[in-house]
Amino acid sequence: MTAKSSFDHKGKKPSNKPEGKDKNDPKKRKLSNASFSGKDTNDTTPANKKRALKAERQSHRRHATTVRSAKEIWNELRIKSNSAETNSKLCSELYGLLKGKIMEVALQHDASRMVQAVLQFGSAEERLETVRELCAVPNEDKLKGSADKNGGHSTVNLAELCRIQYAHFVVLKMIKYCARDDECVRLIVKNLKKQMTKLAVHSVGSRVVELLFATFSSKSIAPLKLELYGPQYALFASCNPSTDNDDKKNPSTLPTLASFVENNPDKRESTVTHLQSLIQKGLDKSLTGFSYFHSLLLDYVSVATPNDIRDFLTPALAEHSLHLISTRAGTKVVCDCVAYGTVKDRKKILKCFKGYTRSSLLHRDAYLAILRMVDVMDDTVLVNKMILAELLQSPDTEKEDGADSEKPSPILDLMLSDTGSKLFLLLLVSKDEMISSDDGKTSYRWLKNLDPYEIEVLHRNPCVTENGESVPTSKKVDETRRQELVIFLKELLVDACVKHTEELMRSKAGSRVLLEVTEHFPSYELFSAVVDACTDSLENKRPEKSGEKYLTILEDPVGHLTLKHLLLSESRKDINQDGAESLARMLYSKFQLRLGEIASSNRGSFVISALLKVPSVTKDVKKALRGFKKDISKLAKSSAGAKVLLDALNDK
């Protein structure tokens, strides 16, 4: 006889649950009403006993009834579909319940959200009253024997609130939503005075300090910043107002830390010692991700000696460098650590950047750290391996298909970037090369590609003191280091300039790199690419973009200047050797029949005038333009480019 199957005719296994049981059976509920009525029906299960015990324990808390009612309002208030009027009405009701009890409620981990809701959705008056209550000093009546009733929090002030895990979110809401109220700002700053050195290195309080310094104005938080520099600074700063030119209009402005130490050199040692202690505590708490900590490190660097940076700061920050380059101040600190650090510490910093070279070069601040490492590190083999080798590969996000000749250069995005292009400019230009201006003054050519702040950061020959003598931190000659690094990128740079000539010529950042590559690595392929780009643009082979008029390179605001500077660079070299590659000759042979057409435009006239300055083609260009001289004379009355070209043609 066949055994009976354990499955029914529909293929489902029959349930073992007894029939007649409703899914809403009270025994299945987590906490039934019987638990509150005193019946023992549902109190037998361990889970319900635990919940009942928790509910009974919460009922003995201070303001338990108020908190329970406030939670119901808060659950309605946090609905995103509420209208502004509904939120205002609910918040007023919530504030009415919490008024006079805000500090005690804020200290409860499950009730602080109600206070946050009042600060977020409340009116300006409700926010101000909430801030006043949180910032108020406790009365003597509240202090007498009330510690037990308030769970030991009767003497809690705003600074203590900042250190509590759940309560500090209330302070964050205060800072965020009350920053425009001057009275609220004054109360918050007043209550946080004499507490900053503790909060700045506290694992929870540091979050409050970060938002406080990022949200409030510099003028309002200036007294709080003074405390981070030590008690002597706050004491003597008021007696030494700033004498900087920028602060003469406002004599009440407090001096910077560097100016204070400069005016009080006897306080430098105690200030540096205090900052070292504070920085070490911050490093132990892993606070290197906060911007205010970066500013504190920069203030330390501004008053510390190169030996202090070498002996204390660089070893401490070597493995945290990647966290610091997110801000301008942090990047400056990393640059100084690289400049004055030992060989061992420099290698540690360099290894932190492995895999982050491209993203750092494209960052608005972090690129300076890469430039500084390339500029001072003697181990060029390690720099090529850790930093520059990453540039040989295309970005991971880029999907390349087709033939190799159609693939874009892996450094194209860097060449077109204002920050990434600085790396190539730093390596291409010698630091010993000088240029003369029109007024006869000479200056270093490499400084022309950098702004004043970059020049300050990338200062030459950083030195430390050893045995009473100034010793440079880098032993290798700058020119030797530069040549060893640029050789590694030579092929990649030339290939990128040949593949993307027109795109580089139309870019401000890219055109600078193209000029330097052409200057230092001239070749027939590179000059041909420039001529072909000009030819293609004149023949308008590229389709016009919708709503935009296509401009040739000779008419492009950046492109015509690029071509002009390429020709002027060649004119200074005075190439007369047979067989030597010349961009001017190639341009003339290609466009000798169209020089008149090019000279008919303002920007084209500037290009032709630059072509005339190349000695090898001057006579030929003048001969080709002899028939257009009258037309150029007419245009010279209204065109600056035609006037310059006419003067060049008349110059013998």
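1. Buried here means under 20% relative accessible area, exposed means over 50%, and partly exposed is what falls in between, with a 1.4 Å probe and protein chains only. Helices (H or I, at least four residues) and strands (E, at least two) are DSSP runs, numbered from the N terminus.

2. Before going further, a word on what you're looking at. This is a predicted model, in which local features need pLDDT of at least 70 and side-chain atom pairs count only at pLDDT 80 or more, while totals for chains, interfaces and linings use all residues. Residues are numbered from 1 along each chain as its sequence is written, and side-chain values use heavy atoms, with hydrogens and water left out.

3. How far does the predictor trust its own work? The pLDDT, the predictor's confidence in each residue on a scale from 0 to 100, averages 84 for the protein, and 82% of the residues score at least 70. Residues 137-154 stay under 50, and the model has 14 contacts for them beyond four places in sequence. Residues 243-252 are also below 50, with four contacts in the model beyond near neighbours in sequence. Contact means heavy atoms within 4.5 Å. I'd read both stretches with those scores in view.

4. Now the overall picture. The protein has 39 helices and four strands, and 46% of its 652 residues count as buried. Among contacts between residues at least 6 apart in sequence, 68% join residues at least 24 apart. The exposed surface comes to about 35900 Å², with carbon and sulfur atoms supplying 50% of it; the areas come from the Shrake-Rupley method with a 1.4 Å probe, and for residues, only the protein chains shown count as cover.

5. Thr-130 sits in helix α7 (residues 124-135). Is Thr-130 buried or exposed? It counts as buried, because its relative accessibility is 0%. Not counting residues up to four places away in sequence, Thr-130 touches Tyr-95, Ile-102, Val-115, Val-118 and Leu-119. Take Tyr-95 from that list: Thr-130 and Tyr-95 are 35 residues apart in sequence, yet 8.6 Å apart in space, C-alpha to C-alpha.

6. Another threonine, Thr-518, belongs to helix α31 (residues 508-520). Thr-518 counts as buried because its relative accessibility is 7%. Its side chain reaches the backbone oxygen of Leu-514 at 2.7 Å. Leaving aside neighbours within four places in sequence, Thr-518 is in contact with Leu-526, Phe-527, Leu-566 and Lys-573.

7. Further along, helix α34 (residues 583-591) has Leu-583, Ala-584, Met-586, Leu-587, Tyr-588 and Phe-591 buried. These residues pack against α32 (524-538), α33 (559-573), α35 (595-599), α36 (602-612) and α37 (618-624). At the start of α34, a side-chain oxygen of Ser-582 comes to within 3.5 Å of the backbone nitrogen of Ala-584.

8. On to the strands. β3 (residues 463-466) and β4 (residues 469-472) pair in the antiparallel sense over four bridges; strands pair if DSSP finds at least two bridges between them. Cys-463 stands opposite Pro-472 in β4. The β3-β4 hairpin has two residues between the strands, and Asn-467 there takes a positive phi near 55 degrees, in a residue other than glycine. Asn-467 counts as exposed because its relative accessible area is 82%.

9. Ser-286 also deserves a look: it has a positive phi of about 60 degrees although it is not a glycine. You'll find Ser-286 in the loop between α17 (268-284) and α18. Ser-286 counts as exposed because its relative accessibility is 55%.

10. How many disulfides does the structure hold? Cys-337 is in none, and the nearest cysteine sulfur, that of Cys-335, is 9.3 Å away. Cys-337 is buried, with a relative accessible area of 3%.

Conventions
Disulfide = S-S within 2.5 Å. Polar contact = N/O pair within 3.5 Å; in protein donor to acceptor, adjacent residues only side chain to side chain.
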